[in-house]
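Me: I'd like to learn how to read a sheet and the helices packed on it. Could you take me through one?

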Amino acid sequence: MESDELIPIDIEYEREDLDLEDELDEVAELPPPKKAKTKSKNKTNNEDKKRRRTSTVWRFFQMLPTKDEEKPTCKCKKCGKEYISAGAYGTGNLKRHLKVCPRKDTTDVGQLILGQNAMSFVEYVGIRAVFSYLCVDVPNISRNTAKNDMVKMYKREKERMKSVLASVPGRVCLTFDLWTSIATDGYMCVTAHFIDANWVLQKRVLNFCFMPPPHNGVSLFEKVYKLLSMWGIEKKIFCVTLDNASSNDISVDMLRTQLKNKKALVCNGEFFHLRCYGLKEIDVVVQKICESIKYVRGSQGRKKSFYESVKQMDLDGKKGLRQDMPTRWNSTFLMLQSALSYRRAFQHLELTDYNFKHCPTGGEWEKAEKIKKFLAAFYDATLVFSGTKYPTANLYFPQVFIVYFTLKKESDSEDEYMRKMADQMLVKFEKYWIEFSVLLAIVVVLDPRYKLPFIDWCYQKLYGHASSLQYLKVRERLFSLFGEYVSNVSAPSISSEMAGQATQESEEKYANEGSLFMMQAQKTQLELYLDEPRIDRNAKLDILAFWKGNEFRYLELAAMACDVLSIPISTVASESTFSVGGRVIDQFRSALKPDVVEALVCSRDWLYADIELAQSELEELTEDIMTMNINKDEHIEDTSSMGPLISSNPVF
């Protein structure tokens with residue numbers, strides 16, 4: 001009882017010692033009466049600041065400084081959009097924004113794709129320790145969560161890709177090919193090439209999907225048409241580039257028939273199929289040199305013995321030996337070039353190493369020198385066709401013309417050895433040339449540096465007096481293709497009154513030159529373009545920038561250029577995707593499901609294609625700098641006899 005009586009006495013004693021300011025502060029901290037339903041804005045802001053924000057959405061939003069009478073607001077860390085974040089509003093609007101944010105961060109899962117890491121990467125103890133060190137509140141996720149997040153990201157990016165394809169102003173060119181994984185599963189890669197609204201050439205992997213057997217023409221047709229319908233581009237296809245497999249011919253014929261019935265092809269599918277050929281006529285001399293390089297690089301002891309031979313012959317040992325890849329003329333050319341510089345070293349090694357039995361003879365080394373000069377044209381063409389930048393189609397015809405001219409020149413050579421090799425290659429090449437030289441010629445006409453006079457000059461070099469027929473064929477097909485775009489492309493939106501007024505003013509202004517005005521008015525855009533003087537052939541011209549600047553001047557012709565300039569002449573895009581697929585499905589991840597494989601490969605291409613291209617360009621530049629002085633004294637045979645088109649090849 002005594003303790004109960006002392007309590008109120010102590011409290012009263014303490015309250016008597018409080019000053020006025022403490023009493024006011026204590027009252028201010030008391031909760032407001034229940035009947036008071038409104039709060040001042042300043043008080044609301046203070047309470048929101050004190051409240052702990054536990055929702056996960058606050059990892060993606062940042063609070064903004066506000067004045068006393070303003071409602072608290074926040075902004076998205078990615079796109080910058082602002083929302084009211086007062087407590088009464090909740091976080092529902094913020095969660096809805098995260099689903100549609102155009103710049104939502106996918107780096108966390110995306111780094112797994114770009115780095116080609118396994119899904120179990122997120123479960124490594126060391127990785128989790130690093131994440132915890134960088135951010136204490138980082139959540140640890142499992143491999144299944146990472147896989148699910150990656151699949152969700154793939155589906156979201158797929159919808160964006162559909163929107164991109166729907167917004168393409170012109171048509172889309174395709175390449176597709178088959179690939180077998182390490183687990184013997186078949187996959188089909190479908191790649192789209194197109195020029196976007198900003199006149200930038202784009203390459204996108206649309207599908208990397210499982211392709212069960214049989215891999216015949218009918219199955220390929222059904223699979224490809226199903227994929228095109230899924231993307232909604234079955235009526236926007238211009239051409240398909242494939243290799244010369246028989247199953248591809250059947251599938252393309254069926255696809256052409258299906259699209260023709262829907263009236264979805266230009267010129268009734270005349271330019272729909274572009275076939276790639278490989279010239280595989282390898283001589284015994286090349287095989288011997290290849291085996292010699294393999295022998296030298298087979299062990300460290302052989303390398304040391306060869307290096308001693310290089311020093312004995314007083315040769316430069318910094319150049320190195322290049323190993324070729326089958327059916328790629330650029331690597332074969334580089335291999336011959338490097339081997340010929342060490343010709344005497346190989347001959348010395350043959351005398352000192354009795355196990356070395358693949359060294360070419362003196363006559364075979366002379367043949368190798370001829371083959372190297374012969375393959376120089378193929379090397380330049382391969383660099384254009386197989387470049388990582390995926391060049392526009394106007395660059396193809398000049399290179400193909402050089403190859404054809406070289407083959408015909410060597411087929412008439414007095415050297416029986418070179419004539420026989422050229423004849424064997426010419427049989428295959430002429431089939432390719434006859435089928436597709438017209439389309440490649442049409443594309444190069446749209447380059448203001450060449451136009452029709454260049455086509456006429458090339459055909460005169462190839463056919464002599466019979467060139468006029470080939471030239472007229474190209475001209476006829478050119479105007480026929482242009483006619484398709486004249487009937488399909490709508491005119492600019494100009495009112496009839498404005499058009500009539502402009503025409504009347506023009507006629508009054510040029511009344512004294514009426515005949516010239518009428519003659520120009522009757523010409524088509526193609527004729528006006530061809531009548532203009534050509535640009536200097538040696539000028540560095542961005543063909544896409546040129547047509548972007550003349551898009552409204554030549555409306556129909558620019559639409560035609562937008563379609564034909566994106567034509568791929570090789571299947572390099574599919575082959576490079578197969579290289580990525582081989583790294584995704586390796587011996588440690590051969591059990592990945594096909595849908596996960598497709599999500600990994602396609603997401604990697606859609607999200608990081610530009611980054612990988614920049615990295616490859618940097619690597620090429622670094623390699624060029626490092627090897628700048630290696631072959632400074634080596635030049636390829638001058639080809640000035642071919643006219644002003646061909647200059648001497650650069651130093652390699």
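Reply: Gladly! Two strands pair if DSSP finds at least two bridges between them; strands (E, at least two residues) and helices (H or I, at least four) are DSSP runs numbered from the N terminus. This is a predicted model, where local features need pLDDT of at least 70, side-chain atom pairs count only at pLDDT 80 or more, and totals for chains, interfaces and linings use all residues. Residues are numbered from 1 along each chain as its sequence is written, and side-chain values use heavy atoms, leaving out hydrogens and water.

Me: How many bridges join strand 5 to strand 6?

Reply: Strands of a sheet pair through backbone hydrogen bonds, either parallel or antiparallel. Here strand 5 (residues 186-195) and strand 6 run antiparallel, joined by nine bridges. T191 has V205 of strand 6 as its bridge partner.

Me: What is the strand order of the open sheet?

Reply: Its five strands follow the order 6-5-4-7-8, with mixed pairing. Strand 6 (201-210) and strand 8 (273-276) are the edges, each pairing on one side only.

Me: Which elements cover the buried residues of helix 9?

Reply: Buried means under 20% relative accessible area, exposed over 50%, partly exposed in between (1.4 Å probe, protein chains only). With contact meaning heavy atoms within 4.5 Å, the cover includes strand 4, helix 8, strand 7 and strand 8.

Me: And which residues of helix 9 are buried?

Reply: They are S247, N248, S251, V252, L255, R256 and L259. The face turned away carries exposed S246 and N261.
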